[in-house]
Amino acid sequence: MKLERVTAELRPRETWEASDFGARLVRRDAGKIYFVWFAVTLPLIVASVAAIWLTPWAAFIAPMYWWLEPVADGPILHLISRRLFGENVTGKDALRQTLRLAWQNRLFLLTPFRFHAARSVAMPVTQLEGLAGSERRKRSAVINNHAFRHGMGLTIVYQHIALAVYLGLIVLVFLFIPEQYHDSLGEGWFSMFAMDASPMSATVGLLVVYAAQSSLQPWFVGAGFGLYINCRTRLEAWDIEVAFRRMLERRSQRIGNGRVAATVVAIALFAALSPPDNAQAQSE
């Protein structure tokens, strides 16, 4: 991370301001981030839907997408972090890192850490700092001491909003059903989200979950990254380091400009004080 190339103001922030800072980083590159999101998750959705219809275990296949969803968090986090520190990363560049980052973040894909209450804050420790084993545990303990409660609160808020969007989409579709069909089509629509384990019910439920998650998940990743960056800014005084770096840059620029000006003045004085050449003398 090259602090001298940072593209946003790094300073200690209050908790929810730090989350908003991360969300604004997502908004700045929303097009690239959603390109990465859909490029990674749509194949997972297609595979999950195909598995639902081709196997008799629809109720067990449907959660497969949810379990593998953090695969998309890796390239999104890669893009946000690189853009913050001045690298011109495109969506395709981040997408090429998907498999490498999935293996690097396997702790959050293949183990019970998938249920980590503050995954959006814990994942940057593994991915951005490249730590593993005991070093990762020690570093995570330091970060968790400052940000775990806030990361867990962010997860709880995200889950509640996602549930509200999920239920809202179900009700919204119901509102488009003509009133005369509410007793038939409307009842059938709501029954699909009850204890029905049919492939159609599992498919529709999964697609509604995906729609709700697509509207929120990239912002959840960005907000967690904002908490992580704020924690490191506080612990490592990044704001002070950035301020000193910029002071040195301004000083070096002033010194450089002063040297240029002195050189120009010296040349001008030399030209003014030098004797005229023979040709000039003869012409006079």
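**Note on helix packing**

1. Helix α5 (residues 73–84) and helix α9 are roughly perpendicular to each other, because their angle of about 75 degrees falls in the band of 65 to 115 degrees (under 35 counts as roughly parallel, over 145 as roughly antiparallel, the rest as oblique). Their axes, lines fitted to C-alpha atoms over the stretch in contact with angles from 0 to 180 degrees between N-to-C directions, are 11 Å apart. Helices here are DSSP runs (H or I, at least four residues; strands are E, at least two), numbered from the N terminus.

2. The model is predicted, with local features needing pLDDT of at least 70 and side-chain atom pairs pLDDT 80 or more, while totals for chains, interfaces and linings use all residues. Residues are numbered from 1 along each chain as its sequence is written, and side-chain values use heavy atoms, without hydrogens or water.

3. On the α5 side, D73, G74, L77, H78, S81 and R82 are in contact (heavy atoms within 4.5 Å) with R119, M123, P124, Q127 and L128 of α9. This set divides into 4 nonpolar, 4 polar and 3 charged residues; Gly counts as polar, and Asp, Glu, Lys and Arg as charged.

4. Helix α9 (residues 119–128) also packs on helix α10 (residues 133–175), at about 155 degrees and with axes 8 Å apart. That angle makes α9 roughly antiparallel to α10. S120, V121, V125 and T126 of α9 meet R136, R139, S140, I143, A147, G151 and L154 of α10. By class, the contact holds 5 nonpolar, 4 polar and 2 charged residues.

5. Helix α10 is not straight: a bend of about 65 degrees lies at A147, taken between axes fitted to the seven residues ending there and the seven starting there. A147 is also one of the α10 residues that touch α9.

6. Helix α1 (residues 15–28) packs against helix α13 (residues 217–236) at about 125 degrees, with axes 7 Å apart. The pair is therefore oblique. Among the contact residues are F21, L25 and V26 in α1 and W219, F225 and I229 in α13. The contact comprises 11 nonpolar, 6 polar and 1 charged residues.
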